[in-house]
Amino acid sequence: MPKTLAKKHTEGKPRSKKHGLTEAQIAVHWKEEAYIRPPARFIAQANLNDNYALERFSEKNFPECFREYAELLHWDQYWHTTLDTNHPPFWKWFVGGRLNVAYNCVDRHLAKYKNKAALIFVPEPEEENHIVITYQELYRRVNEVAAVLQGFAGLQKGDRVTIHMPMIPELPITMLACARLGIIHSVVFGGFSGEACGLRAADSGSRVLIYVDGYHRNGRWVDHKVSADIAVETAKKEGQVIDKVLVWKRYHHKYTSDAPMIMERDFFIDDILKDYRNAVVPPVSMEAEDPLFLMYTSGTTGKPKGCQHRTGGYLAYVTGTAKYYQDIHPEDVYWCMADIGWITGHSYIVYGPLALAATCVIYEGVPQFPDAGRPWRIAERLDVNIFHTSPTAIRMLRKAGAEEPKKHNYRFKHMTTVGEPIEPEVWRWYHEVVGKSEAVIVDTWWQTETGGFLCTTKPALDPMKPGSAGPACLGIYPIIWDEEGKEVASADHAAGNICIRNPWPGIMQTIWGDPHRFVEQYYKKYNKNAQSKDWRDWPYYAADAAVLPPDGYYRILGRVDDVINVAGHRLGTKELESACLTIQEIAEAAVVPVVDEVKGRAPEIYISLKPGVLPKKQIIEKVTSTIETMIGKIARPKRIHIVPDMPKTRSGKIMRRVLAAISNHMDTGDITTLANPDIVEQVRQIVQGREIMPLNEGPEDIKLFGDER
Ligand code: WT7
């Protein structure tokens with residue numbers, strides 16, 4: 001596991017061969033996969049099918065090469081400086097330029113495409129018809145909602161709004177309405193708890209929340225409005241007053257939530273909209289550097305951080321990369337299964353594709369509902385030809401119905417995998433069965449912070465290699481360094497920290513309200529001169545481990561920090577640990593990633609109890625319920641172990657590396673330097689000593705040290 005690799009560096013104690021291979025070594029010894037070439041039919045129609053792009057985006061043409069992306073947009077005013085490096089690492093892109101994102105994603109398409117589908121909403125219940133929203137209709141609805149935000153909620157340019165909504169068309173409509181007015185949206189993934197939403201709303205200083213009453217998920221109705229009340233309370237405790245909660249109704253004619261509407265605070269958007277029928281709100285001409293949105297993500301501290309993305313550079317980057325790497329043309333039907341509440345959805349469901357006048361499918365539910373054939377029925381019905389999902393979804397669909405895709409008459413020209421490393425055999429199933437051996441696959445590596453893709457093959461130009469993201473994207477110059485800043489070359493056959501040497505237009509501007517942390521987290525590690533105004537001195541540290549074989553195809557191994565990538569979603573171990581520590585009985589908590597067949601990684605929790613507290617099942621149940629309340633169901637631990645003590649260094653630091661090794665049945669390496677080496681065997685007995693059962697199978701499976709009681 002990459003974590004082991006990171007610790008190996010930081011503790012300065014390389015593990016010897018006799019202790020077995022480290023994860024990095026295993027990865028480097030992986031069999032090199034054979035290339036698969038893109039089919040001629042794809043190449044013939046591809047947006048990027050000439051090799052001159054490499055020359056155009058070569059380092060000697062940086063940063064002006066990125067004009068090519070910006071010129072895909074409509075600018076109210078052209079920029080005078082492509083890249084301003086006066087305040088490193090706070091880069092400014094397309095300075096002097098003015099544009100509006102909603103205008104670029106909606107208005108400008110009306111002349112040619114007003115009657116073309118912009119969004120096709122597929123409700124989870126299969127008996128409900130899908131809903132088509134044309135560009136004309138999108139234009140109308142975005143304007144009307146913008147009018148509500150401005151006229152009714154009194155919001156204006158620069159204000160923040162927190163949107164806690166699931167996958168329904170009102171979500172992108174609300175986002176675009178914000179963008180039309182220059183209101184900074186902060187979309188919180190629908191699966192996060194009300195408390196998690198409230199904390200983010202408080203951090204961003206939002207006084208308006210936008211919700212929906214409920215939605216369908218995995219065959220059940222989720223009452224979502226109840227979270228709004230918790231969010232408002234949580235924000236209040238943090239000192240942020242929410243004065244309005246605007247509530248969409250999933251079914252416009254009825255309210256479906258048990259939570260009452262609070263007078264003077266909660267308002268149905270559908271009702272207010274009646275006063276704004278056919279309203280037209282002129283798009284606000286924004287400066288390229290004005291913030292467009294915040295996206296909170298987990299990092300190395302207990303508190304998620306708000307990645308602040310800019311207007312011009314971000315839109316240019318996602319539009320250019322959606323065009324070249326997703327190969328989106330206006331005539332394509334594009335379906336990205338990610339949730340709009342994550343960065344993938346922002347960049348590659350909403351902003352990039354709509355700027356290209358694409359038709360985007362928005363599916364409300366889970367892929368395997370009511371069965372594993374669902375995605376392929378949707379694809380056939382809507383004639384989807386570009387498909388985008390995560391390795392976790394692919395593994396799940398493969399497990400649940402390996403032969404399902406064959407039964408359906410759809411044809412993908414292009415498919416994406418994103419969010420976590422994909423095993424070569426899973427990649428091959430995706431290619432042969434889902435892609436019917438004719439779709440091109442791109443394995444795109446990037447992050448919430450980076451706005452858009454960093455490494456992937458160029459679909460028509462580069463051969464694919466299962467299990468490797470591929471070469472750097474155009475205009476991106478990565479490098480792998482070891483902990484000391486020495487380059488790890490491909491000939492070294494070793495892993496290191498992947499960094500990007502140069503700025504690019506999609507990179508976040510800063511962390512909302514915490515510029516210091518922005519510098520510390522991403523730039524301090526490899527910065528050579530804090531006074532320098534030369535971008536070459538400010539490489540971006542991604543916190544991912546990677547290896548580079550001689551062919552230049554980066555293989556991303558995973559996070560080297562305290563972040564666990566669960567099913568392609570980021571969880572901060574510190575966030576889970578702080579949640580545990582709110583439980584009175586718990587003295588210490590440590591969270592480690594454990595390999596999971598479907599989700600890639602899952603969190604496993606170790607807790608030790610305060611003196612005199614007896615280990616009880618109730619404590620374990622409290623851990624699960626506390627995590628669900630404070631973060632959300634997605635953070636549910638795979639297992640929870642109560643241990644008598646944590647393995648610690650002499651300075652008292654919990655050795656998570658040792659716990660992770662035990663959880664994953666790996667060698668714990670050298671433990672002689674621990675303050676309490678004897679505990680390791682005891683913990684191993686607790687964790688591995690008995691039959692392992694998943695936590696959610698009932699109370700019997702809870703594992704305690706000593707006697708179960
Ligand atoms: C982390 C970022 C980027 C959108 C979804 C996740 C991992 C992402 C890949 C890939 C291997 C990948 C990295 C990265 N990751 N894509 N193609 N191969 N690993 O965004 O939640 O910010 O997570 O996801 O570890 O750091 P995110």
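Helices here are DSSP runs of H or I with at least four residues, strands are runs of E with at least two, and both are numbered from the N terminus. Axes are lines fitted to C-alpha atoms, for helices over the stretch in contact, and angles run from 0 to 180 degrees between N-to-C directions. The crossing of α21 and α22 is right-handed; that term applies if the near helix is turned clockwise from the far one by less than a right angle, and left-handed if anticlockwise. On the α21 side the contact (heavy atoms within 4.5 Å) is made by Val658, Leu659, Ile662 and Ser663, and on the α22 side by Val680, Val683, Arg684, Val687 and Gln688. By class, six of these residues are nonpolar, two polar and one charged. In this scheme Ala, Val, Leu, Ile, Met, Phe, Trp, Tyr, Cys and Pro are nonpolar, Asp, Glu, Lys and Arg are charged, and the others, Gly among them, are polar.

The model is predicted: local features need pLDDT of at least 70 and side-chain atom pairs count only at pLDDT 80 or more, while totals for chains, interfaces and linings use all residues. Residues are numbered from 1 along each chain as its sequence is written, and side-chain values use heavy atoms, with hydrogens and water left out.

Pairing requires at least two DSSP bridges between two strands. β28 and β29 (residues 600-609) are joined in the antiparallel sense over ten bridges. Within this pair, Asp596 has Gly600 of β29 as its bridge partner.

**The eight-stranded sheet**

A second open sheet has eight strands in the order β12-β11-β8-β6-β7-β14-β15-β23, again with mixed pairing. β12 (266-268) and β23 (510-511) stand at the edges with a single partner strand each, so one side of each is left without a neighbour in the sheet. Helix α9 (residues 170-181) packs on the sheet, touching β6 (160-165), β7 (184-189), β8 (208-212), β11 and β14 (291-297), and its direction makes about 175 degrees with that of β6. Strand β11 (residues 244-248) pairs with β12 in the parallel sense over three bridges, and Val245 stands opposite Asp266 in β12.

Helix α13 lies across β14 and β15 (305-310), running at about 80 degrees to β15. Thr319 belongs to α13 (residues 312-324). At 1% relative accessibility, Thr319 counts as buried; buried means under 20% relative accessible area, exposed over 50%, and partly exposed in between (1.4 Å probe, protein chains only). Leaving aside residues up to four places away in sequence, Thr319 touches Leu72, Leu73, Gly352, Ala355 and Leu356. Thr319 lies 14 residues from Lys305 in sequence and 25 Å from it in space, C-alpha to C-alpha.

**Other buried elements**

All five of the five residues of strand β25 (residues 555-559) are buried, so β25 is largely enclosed by the rest of the structure. β25 pairs with strand β24 (residues 540-547) in the antiparallel sense over four bridges, and Asp544 stands opposite Arg559 in β25.

Helix α8 (residues 135-152) has 18 residues and reaches 25 Å from its first C-alpha to its last, close to the 26 Å expected at 1.5 Å a residue. The expected span is 1.5 Å times one less than the number of residues. The buried residues of α8 include Tyr135, Leu138, Arg141, Asn143 and Glu144.

**Backbone details**

| Site | Feature | Value |
|---|---|---|
| Pro88 to Pro89 | cis peptide bond | omega near -5 degrees |
| Phe369 to Pro370 | cis peptide bond | omega near -5 degrees |
| Gly154 | positive phi | near 65 degrees |
| Asp383 | positive phi | near 55 degrees |
| His493 | positive phi | near 50 degrees |

Gly154 follows α8. Pro89 is in the loop between β1 (81-84) and β2 (92-95), and Pro370 in the loop between β17 (359-363) and α15 (374-382). Asp383 is in the loop between α15 and β18 (386-389). His493, in the loop between β21 (478-481) and β22 (496-500), is exposed, with a relative accessible area of 55%.
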